[in-house]
Amino acid sequence: AGKPKRYHIELIEVTATAGLPAGTADVLPLARAEWVKLLATHPQMAAVEGAPDPKTDGKLFKKWLVKKKIAGAYRMNVEITSYEEELDDKDAAVNQEKRLTVRLALRTFGETFPERIMGFAAEGSATIKVDVGKKLRAADRTFAIKSACEGAVGDAMAASLTKLALPPPPSAPKPKKR
């Protein structure tokens, strides 16, 4: 196989599904930061500095993408679909140490720009278990959430790139003229 295709993906927003626990608000900035970091460092991501403005000249922008060997440009929204935190006794018989479990799932939606056609949708999830000692500290909780974000974002990015690499679906046959 040849080199993997390169894409440009702009992160528009990271939101949470309604009805998630109150702790989800702490996850949003960490998830956003993880996406920004991954989109800036992933080897299949390309920047579009110096490109023509897609809002004013879409055709010239597309030609520029082809010239730079960028397979597509997408705008992406991320939605946190589930979030759970559990603090359990690690081994109550021996000591009073606790274990924090964080489960995070998210979904991505990407559309092409400038013409705004659905480009991809993917999901990612992660479960992290962290031994926290006898008391849960804020730093332990932040570490667990950040680790879950890294895993879920990486999973969603891999799924998104897999979907983008698939060939386009066959178009419907055109009716014959009579």
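In the predicted model, 71% of the contacts between residues at least 6 apart in sequence join residues at least 24 apart. The chain holds three helices and four strands, which follow one another along the sequence in the pattern β-α-α-β-β-β-α.

The C-alpha trace spans about 80 × 45 × 35 Å along its principal axes. Of the 178 residues, 36% count as buried.

In soluble globular proteins, nonpolar side chains tend to be buried together. Here, the largest nonpolar core comprises 34 residues, and Ile 9, Trp 35, Leu 39, Met 76 and Leu 104 have the most contacts inside it. Two or more residues of this core come from each of strand 1 (7–16), helix 1 (24–41), strand 2 (72–89), strand 3 (98–112), strand 4 (118–133) and helix 3 (138–165). Helix 3 provides the largest share, ten residues. Beyond its neighbours up to four places away in sequence, Met 76 touches residues including Ile 9, Leu 11, Trp 35, Leu 39, Phe 109 and Phe 120. Another core, of eight residues, lies apart from the largest one; among its members are Ala 46, Trp 64, Ile 70 and Phe 113.

Note on methods:
Residues numbered from 1 in each chain as written. Predicted model: local features only at pLDDT ≥ 70, side-chain atom pairs only at ≥ 80, totals over all residues. Heavy atoms only, no water. Core = buried A, V, L, I, M, F, W, Y, C linked by side-chain atoms within 4.5 Å. Buried < 20%, exposed > 50% of the residue type's maximum accessible area, 1.4 Å probe, protein only. Contact = heavy atoms within 4.5 Å.
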